[in-house]
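Welcome, and thanks for taking a look at this one. Please open the structure and keep it at hand while you read the briefing.

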Amino acid sequence: MFDLEWTDETQTVYAASLPDALTLLNQLAPTLQALAVTDQIAQAEPETMSVLADVLDKLHGRRRGQNGAVIQR
């Protein structure tokens, strides 16, 4: 048994064996990663939002013009 904790809630999870626990954590990993990124974006200061936009543009292969509009390929 192990606990998954977040801001205002705790969920106890049971796994019969170590391989079961690792399988469960592997299934939860993408969700937990997305939640962590979402939390960081939500807490970002206005002056760092352009940095986050640049990172997202780079990840998605987008380019922006001088006016900030996305340049279509």
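Predicted model: local features only at pLDDT ≥ 70, side-chain atom pairs only at ≥ 80, totals over all residues.

**The largest pocket**

- Which residues line the largest pocket? The lining is made up of Leu-4, Glu-5, Trp-6, Leu-28, Thr-31, Leu-32 and Leu-35.
- Two elements, β1 (2-6) and α1 (18-42), each give two or more residues to this lining.
- Which element gives the largest share of the lining? That is α1, with four residues.
- Sorted by class, the lining has five nonpolar residues, one polar residue and one charged residue.
- Glu-5 counts as charged because Asp, Glu, Lys and Arg make up that class, and Glu-5 is among the lining residues.

**The salt bridges**

- Asp-57 and Arg-62 meet through their side chains in a salt bridge, with 2.9 Å from N to O.
- A salt bridge also links the side chains of Asp-57 and Arg-64, here with an N to O distance of 2.5 Å.
- Through shared partners, these salt bridges join Asp-57, Arg-62 and Arg-64 into one network.

**How accessible the partners are**

- Is Asp-57 buried or exposed? Asp-57 counts as buried, because its relative accessibility is 6% and the cut-off for buried is under 20%.
- Arg-62 has a relative accessibility of 34%, so Arg-62 counts as partly exposed.
- Arg-64 is also classed as partly exposed, because its relative accessibility is 40%.

**A residue on the helix**

- Gln-40 is found in helix α1, the element that also gives four residues to the lining of the largest pocket.
- Why does Gln-40 count as exposed? Its relative accessibility is 61%, and exposed means over 50%.
- How far apart are Gln-40 and Ile-71? In sequence they are 31 residues apart, and in space they are 27 Å apart, taken from C-alpha to C-alpha.

Notes: Residues numbered from 1 in each chain as written. Heavy atoms only, no water. 1 Å grid on protein atoms, 1.4 Å probe; cavity = no way out; pocket = protein on both sides within 12 Å on 5 of 7 lines; lining within 4 Å. Salt bridge = Lys/Arg side-chain N within 4 Å of Asp/Glu carboxyl O. Buried < 20%, exposed > 50% of the residue type's maximum accessible area, 1.4 Å probe, protein only.
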